[in-house]
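Hello,

Here is the structure we talked about handing over. My notes on it follow below.

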Amino acid sequence: MSNMEDDQAFESLSDLLGVEEDLDAVRPDLFETVAVDVVDSSQARPSVGFDVEAFDRSRALVLLGKSTGGICLQQVRDFAMEAHAGQRLRHTSEPYWKHLSEVAGLVATCNNSGPRMVALAWLHDVVEDTAVTLRQVERTFGASIADGVRCLTGSANSSISSEERSRRDRQRLAAGDADVHSVKLAEIACRLSSLCRLNSEVELADYLEEKRLEVGVLTQGDDGLKRLVRTLWSEAKRMAGSSKV
């Protein structure tokens with residue numbers, strides 16, 4: 001597959017999925033697969049981000065086990081947790097599902113939250129960080145969910161620079177709808193809340209700049225999440241500055 005084909009296919013869900021008669025022609029080369037690290041859970045560091053228990057009441061809004069608007073959110077959650085099974089968060093070694101739970105719980109508190117937004121929160125990393133393909137997401141949950149996941153999936157095209165990959169990622173995010181923008185804001189908020197887990201000042205500075213550029217294209221996102229992200233970003237920036245003193 002040429003790079004040109006790779007880039008073009010990534011821009012359109014229908015192009016990426018291919019024709020219906022070619023269901024088995026999946027294209028995992030478009031995405032990275034995360035190798036699962038075996039970590040001793042007894043040595044896992046405690047969470048310093050959002051307290052998962054604080055989202056218990058908001059997660060109750062998810063209506064797990066009920067089919068709402070054609071989306072069974074319990075099925076979505078179980079699908080995501082199975083896909084990410086065994087994965088650990090990079091800087092804390094906590095189970096990856098905690099991050100998904102935090103993002104889903106946060107978007108459930110939005111005024112305009114609905115089943116699709118919560119579903120995208122659970123699935124936002126499933127194509128980028130597991131062996132699951134967009135075709136599988138589309139088969140299981142439909143084209144609308146798959147297209148939202150597409151917009152939230154970062155490029156894995158190693159033939160282009162990281163700056164160009166980031167630019168294309170922002171383009172896809174910008175083309176997403178309000179659900180996509182709110183989920184991305186929630187994901188950024190959860191990441192920013194635990195930035196003290198980052199050890200490298202260079203990594204922190206680069207991350208903050210990347211998030212600043214991403215937030216700039218999330219114009220349709222929830223206003224409350226925008227305020228939260230701005231507050232957390234400013235605090236992380238302050239922490240980064242004080243660490244250099």
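How many helices and strands does the protein chain have? The protein chain holds 13 helices and 2 strands. Please keep in mind that this is a predicted model.

Overall figures come next. The protein chain has 245 residues, and 44% of them count as buried. Its accessible surface comes to about 12300 Å², with 50% of that belonging to carbon and sulfur atoms. Among contacts in the protein chain with a separation of 6 or more, 72% are between residues 24 or more positions apart.

I looked at one helix in detail. Helix α4 covers residues 73-83, and its buried residues are Leu-73, Val-76, Phe-79 and Ala-80. Seen down the axis of α4, these buried residues fall within an arc of 120°, so they line one face of the helix.

Lastly, the cysteines. A search of the whole structure finds 0 disulfides. Is Cys-151 buried or exposed? Cys-151 has 4% relative accessibility and therefore counts as buried, the cut-off being under 20%.

Regards

How values were computed: Residues are numbered from 1 along each chain as its sequence is written. This is a predicted model: local features need pLDDT of at least 70, side-chain atom pairs count only at pLDDT 80 or more; totals for chains, interfaces and linings use all residues. Side-chain values use heavy atoms; hydrogens and water are left out. Buried means under 20% relative accessible area, exposed over 50%, partly exposed in between (1.4 Å probe, protein chains only). Helices (H or I, at least four residues) and strands (E, at least two) are DSSP runs, numbered from the N terminus. The arc is that of the directions from the helix axis to the C-beta atoms. A disulfide is a pair of cysteine sulfur atoms within 2.5 Å. Contact means heavy atoms within 4.5 Å. Accessible areas come from the Shrake-Rupley method with a 1.4 Å probe; for residues, only the protein chains shown count as cover.
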